[in-house]
Amino acid sequence: MSRVAVIGAGIVGACVGWELTRRGAQVVFIDAGRPGEGVTNWSFSWVNASNKTARRSYFALNVAGMAAHRDLARTIGPDSWWHPSGHLRWADDQAGLLENARVLAEWGYRVELLTGADVRRRLEPALAIADDVPVLCYPDEAWVHGHRLVGRLVDEAVALGAERRFGTAVRDIGTGSDGSVRTVVLSDASRLDVDCVVNAAGPDASQIAGLVGRELPMRDEPGVVTRLSCAGVPVRRAMHAPHVEIRPDGNSLVVLHSREVDARIGAGDDASQLARRLQDLARDVIPELGDATIAAARIAHRPIPADKYPSVGALPSAPGYFEAVSHSGITLGPVLGRLLATEILNGNRADLLADFRPERFRGQERAG
């Protein structure tokens, strides 16, 4: 029976650890913080493939991620984490919006063309949107309460025998004479004997990779997310307006994000100032949000490999070391968990991951 250290208990690590445990592996979850409280809890948490058309293989992986979420909801129950309510998008660049819809329809992805009047009448009556504005509706998309899902998966894995080492960081990964992974050393000075490790450490993935002599190139793309507290949540589904992204979050909360506001990070504004900017943008879309209270805001660093695509699977130069590092972890977590668990336990390398293998970063391993 394999003993696997899963480093990082965000959405990707939780999915990998849950899949491994239910297939009989001995899993140890390791995280310096608490499960799901890092980037997972501070992302827009939108399950989609409509924004993933730059590469057909990446689109296919995200479509598989959407299907894996539906399977997961059937397996563990949707509870309060799964919200398959669809997604709306409209944009200043209407020609680009409609061209993207055409491509998606050709690829077999469900998309409906509505007008602002249709949306207000049928879906989102609180929107301030002109009657004739074209709006795309993606009925198969969803949003996820990431923190709740991670907690559910970790708890189920622990009930099946997985171990938890939270509040302690990884300080070293020991290897044998052949370079294979043998041990994990934690900040509390404990040492774990393992057969392999999964690097699902999110923003810290490059640091963990360095412990096995690998340089994992990562992008520096922080993002700010804020939560508004509303007496009555005026939005029913995730949506992308021209300058801001809005979705419900349960418990009388609304989540906001904007790439335009992200661009202001580092220009002198703190998280609270950026949150106020987000609320201003959201008010233009849903006037009721102007009366909401800013409940929380945080700047989080996204785990994005240098070429913007996932790095998932075994690293040939370090036997027993596997990566699970990706942006869009909410969409991809369940499918990456399934595929990586199969690779770890059976050695089967999925075709879906062919373009996203760690070894594509050639020249990024250094002598140990």
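How are α2 and α9 oriented to each other? The axes of α2 and helix α9 (residues 329–346) cross at roughly 85° and come within 7 Å, so the two helices are roughly perpendicular to each other. The model is predicted: local features need pLDDT of at least 70, side-chain atom pairs count only at pLDDT 80 or more, and totals for chains, interfaces and linings use all residues. Residues are numbered from 1 along each chain as its sequence is written, and side-chain values use heavy atoms, with hydrogens and water left out.

**α2 and α9**
- Residues of α2 in the contact (heavy atoms within 4.5 Å) include Tyr-58, Leu-61, His-69 and Leu-72.
- On the α9 side, Ile-330, Pro-334, Val-335 and Arg-338 are among them.
- By class, this contact of α2 with α9 has twelve nonpolar, four polar and two charged residues.

**α2 and α5**
- Helix α2 (residues 56–76) packs against helix α5 (residues 146–159) at about 55°, with the axes 13 Å apart.
- That angle makes α2 oblique to α5 (under 35 degrees is roughly parallel, over 145 roughly antiparallel, 65 to 115 roughly perpendicular, and the rest oblique).
- The crossing of α2 and α5 is left-handed (the near helix is turned anticlockwise from the far one by less than a right angle; clockwise is right-handed).
- From α2, His-69, Leu-72 and Ile-76 meet Leu-149, Arg-152, Leu-153 and Glu-156 of α5.
- Four nonpolar, one polar and two charged residues make up the contact of α2 with α5.

**α1 and α9**
- Helix α1 (residues 11–22) and α9 have axes 8 Å apart and pack at an angle of about 35°.
- α1 passes α9 in a right-handed crossing.
- Ile-11, Cys-15 and Glu-19 are among the α1 residues in this contact, and Gly-333, Ala-341 and Ile-344 are among those of α9.
- The residues of the α1 contact with α9 divide into twelve nonpolar, three polar and two charged.

**Aromatic rings**
- Seven aromatic pairs are found in the whole structure (ring centres of Phe, Tyr and Trp, its six-membered ring, within 6.5 Å; planes under 30 degrees apart are stacked, over 60 edge-to-face, the rest tilted).
- One aromatic cluster is formed by Phe-59, Trp-107, Tyr-109 and Tyr-138.
- The charged end of Arg-55 sits over the ring of Tyr-309, 4.1 Å from its centre (NZ of Lys or CZ of Arg within 6 Å of the ring centre and within 35 degrees of the ring normal).
- Arg-227 has its charged end over the ring of Trp-42, 4.8 Å from the ring's centre.

Technical notes:
Axes are lines fitted to C-alpha atoms, for helices over the stretch in contact, and angles run from 0 to 180 degrees between N-to-C directions. Helices (H or I, at least four residues) and strands (E, at least two) are DSSP runs, numbered from the N terminus. Ala, Val, Leu, Ile, Met, Phe, Trp, Tyr, Cys and Pro count as nonpolar, Asp, Glu, Lys and Arg as charged, and the others, Gly among them, as polar.
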